[in-house]
Protein chains: 2
Amino acid sequence: MNRDIQLDTIDGGITAPAGFIAGGIHAKIRKKKPDLAILASTVPASVAGVFTTNKAQAAPILVSKIQVKRSPLCSAVVVNSGNANACTGERGLNDAWAMVRTTAAALNLPEEQVLVSSTGVIGQYLPIDNVLQGITDLAPDLNVEGAHEAALAIMTTDTYHKELAVRFPLGGVTVTIGSMAKGSGMIAPNMATMLGFVTTDAAISNDVLQKMLVSANGKSFNRISVDGDTSTNDMVLVMANGLAGNAPIVEGSPEYDQFTDALEYVLITLAKMIARDGEGATKLIEVVVTGAASEADATAAARSVANSNLVKTAVHGEDANWGRIITAVGYSGIDFDPDLVSISLNELPVLLPNYEIVLDEEKAKVVLANENIVITIDLNQGEHRANFWTCDLTKEYVHINASYRS
Amino acid sequence: MNRDIQLDTIDGGITAPAGFIAGGIHAKIRKKKPDLAILASTVPASVAGVFTTNKAQAAPILVSKIQVKRSPLCSAVVVNSGNANACTGERGLNDAWAMVRTTAAALNLPEEQVLVSSTGVIGQYLPIDNVLQGITDLAPDLNVEGAHEAALAIMTTDTYHKELAVRFPLGGVTVTIGSMAKGSGMIAPNMATMLGFVTTDAAISNDVLQKMLVSANGKSFNRISVDGDTSTNDMVLVMANGLAGNAPIVEGSPEYDQFTDALEYVLITLAKMIARDGEGATKLIEVVVTGAASEADATAAARSVANSNLVKTAVHGEDANWGRIITAVGYSGIDFDPDLVSISLNELPVLLPNYEIVLDEEKAKVVLANENIVITIDLNQGEHRANFWTCDLTKEYVHINASYRS
């Protein structure tokens, strides 16, 4: 963030802003845990969305992309876990549309105001009767206390739920942003099996909201990586229902910058929760590249380090293996002079320019015992910087992914 | 390979062709195992080399690149394991030159006819006194039986040595190609901590040899991946000393094609040995993409699948997880229609176009119990194809790399 804003973190998730209701239920898509959530606004909301760039797009992605073009307003989103409804062809599309229609009917909404999202196993058909029955059962029970239930219902291999709500003054009123996400494995730059849902009572038009989301998403969900894979199903949606009573935010205003900063803060916080909860992870790793010739270079270098299995296993082993770090920068494709590079781990310098090795193994051991590891790489080539978040690579990651049919 | 040639695999490695001698020794760079090898030709040989594309290049890479430009002839290569002499600045360069000079002196060769190569831990200085003493001790003992000793001395985390020799008729004479390689972790497209040394008694000029190597390398070492990382130290060298007595091979001749095919066969065989010996690996995976709109598309798609941690863990778990395979193609950056894709595992069809799932879980279980897994992806977009080799991702990989300072 570039500017100072006064954010208060408050209790609650997606129902913290005025006018939002939600809930979660076990619709028998999975064996035991809650697997179906609905999020709704009591008044139609502006909507913005970013969707996976994977060429193989799941049915709910294709349907929701049509819906956001069809109507500038969104009143509800239905989300299931346990089945991605991806690589399911015509039948999968029909199932996704059935989820939309059933949700619209159950909530008495125009069909074009409903979006759909799925996550879970790829290449299997939804048990659609269970799903539709679940929607019908859940819809009457949506309420302002239902955020947490919804956050639990969208989890897959996540080991904890991911929610955040913040409140801040904006143009003379107080606005609230609520959010939930699911993440874990397959997270990567350009989004991966991750879903993010953001609600706000601020008044913002679709176009303005979309610009804000693209900007904030570029600094958050597109800067995390668990295993470099991107999925068929990722999406981040923002709904803004205007109940806070502010004048609609226009581009170029102070309120525009303030809201974008707040949104960026929320998305970065969720992104870090997701990276930390990568499958089998024991540490959150932040890669910071400074002194790059351009922001693109900084991002490419940071991504390359964050995606390196060798760096991620070294951090897991609490090994100050700066050689693997500079190697990953070396194959990132950017132009730089390795002789100028300095590297530090949680602010402990380990390498100075001209390959002056100042690594103190004892001090490094203490630093690397931390759960949060910040790898800072100064390229000494320019003024640009970028952050990237990932997690360590563990035997548990292999265990989970050798046995989980995702 | 595009053409038929009659290759006989014979015993021996780099000393199989006439005029080559070699040896290996424990020079106390590592605690126990042999760690220094010298390969020499009794008559000066043409030389060709390909070197890592990593921006952070180790001292021996910088020195050997100078040497191949300096002289068209090469008579010896000195190689050490246990220390990469990478990220070691001025001192590292001095050490690499000292290895060259000492080898030249010990073998009574012009300095410009000696190349140097290193592999092992990054960012530590060579115990140069030990290294130079080792060279002096080893040089008088080089002999035609020394190939195997040399192949053992260049290994790092390799679990087996990698050697191959073949013999075939060429332009009225019989020529021999010998080879050795080391691989294991960090192997990736565009080469990674992998070294390859090829010898032949065929007569080939430097320029012609270089073209052959670049072509064969593109189909072999640049088509393998263990963990997506590329290293500071990779190189592949070919020495051709002409003792077979053939007329020097010229471009456009049948002999040119025949030798290139043989070289490609040798490099592909070594590449597969390297992929199969990836750290902790239990299976060799071959990814075959067919029906691509271009060879570049085929290669990009195959690389993306081969680099996917999720595909590699699924194969390890013997899980017919075709969803992860199509997902990896989806984020490879190529343009294709997912509806047209078919996928098979060791020739067992699991997915047909229009997402027709024909996976038989019982049959897949049998097929995936094999040590060699071929994943074939037909994009049905065109006529082009590419192969890529990798290995499964295991807990043992994490174990090795969380504890090994490479």
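## Domains of chain A

Domain bounds come from an automatic or database domain assignment, and by that assignment chain A is divided into domain 1 (8-276) and domain 2 (284-403). The structure is a predicted model, in which local features need pLDDT of at least 70 and side-chain atom pairs count only at pLDDT 80 or more, whereas totals for chains, interfaces and linings use all residues. Residues are numbered from 1 along each chain as its sequence is written, while chains are lettered from A and ligands numbered from 1 in the order in which they are written.

Taken over C-alpha atoms, the centres of domain 1 and domain 2 of chain A are separated by 32 Å. Their contact takes 12 residues from domain 1 of chain A and 11 residues from domain 2 of chain A, two residues being in contact if their C-beta atoms, placed from the backbone, lie within 7 Å. On the side of domain 1 that touches domain 2, the elements that give two or more residues are strand E9 (224-225) and helix H6 (254-276) of chain A; helices (H or I, at least four residues) and strands (E, at least two) are DSSP runs, numbered from the N terminus. H6(A) gives the most to this side of domain 1, with 4 residues. The residues of this side divide into 5 nonpolar, 4 polar and 3 charged, where Ala, Val, Leu, Ile, Met, Phe, Trp, Tyr, Cys and Pro count as nonpolar, Asp, Glu, Lys and Arg as charged, and the others, Gly among them, as polar.

## Relation of the two chains

Chain B can be laid on chain A with an RMSD of 0.0 Å by a turn of 180° and a shift of 0.0 Å along the axis, which is the relation of a two-fold axis. The superposition is by least squares on the C-alpha atoms of residues with pLDDT of at least 70 in both copies. In chain B, the C-alpha nearest the axis belongs to B:Lys395, at 2.3 Å from it. The same surface serves both copies, since 100% of the contact residues of chain B recur in chain A.

The contact between the chains takes 48 residues from chain B and 48 residues from chain A. On the side of chain B that touches chain A, two or more residues are given by each of helix H8 (309-316), helix H9 (322-330) and helix H11 (395-403) of chain B, and H9(B) gives the most, with 7 residues. By class, this side of chain B has 18 nonpolar, 23 polar and 7 charged residues.

## Helix packing in chain A

Helix H8 (residues 309-316) and helix H9 (residues 322-330) of chain A pack at an angle of about 160°, with their axes 9 Å apart; axes are lines fitted to C-alpha atoms, for helices over the stretch in contact, and angles run from 0 to 180 degrees between N-to-C directions. That makes H8(A) roughly antiparallel to H9(A), given that angles under 35 degrees count as roughly parallel, over 145 as roughly antiparallel, 65 to 115 as roughly perpendicular and the rest as oblique. The crossing of H8(A) and H9(A) is left-handed, a term used if the near helix is turned anticlockwise from the far one by less than a right angle, with right-handed used if clockwise. In this pair, A:Leu310, A:Val311 and A:Ala314 of H8(A) meet A:Arg324, A:Ile325 and A:Ala328 of H9(A), and by class the contact has 5 nonpolar, no polar and 1 charged residues.

The axes of helix H2 (residues 89-107) and helix H3 (residues 128-138) of chain A come within 9 Å and cross at roughly 20°, and H2(A) and H3(A) are therefore roughly parallel to each other. Their crossing is right-handed. Residues of H2(A) including A:Asp95, A:Ala98 and A:Met99 meet residues of H3(A), among them A:Ile128, A:Val131 and A:Leu132, and the residues of the contact divide into 7 nonpolar, 3 polar and 1 charged.
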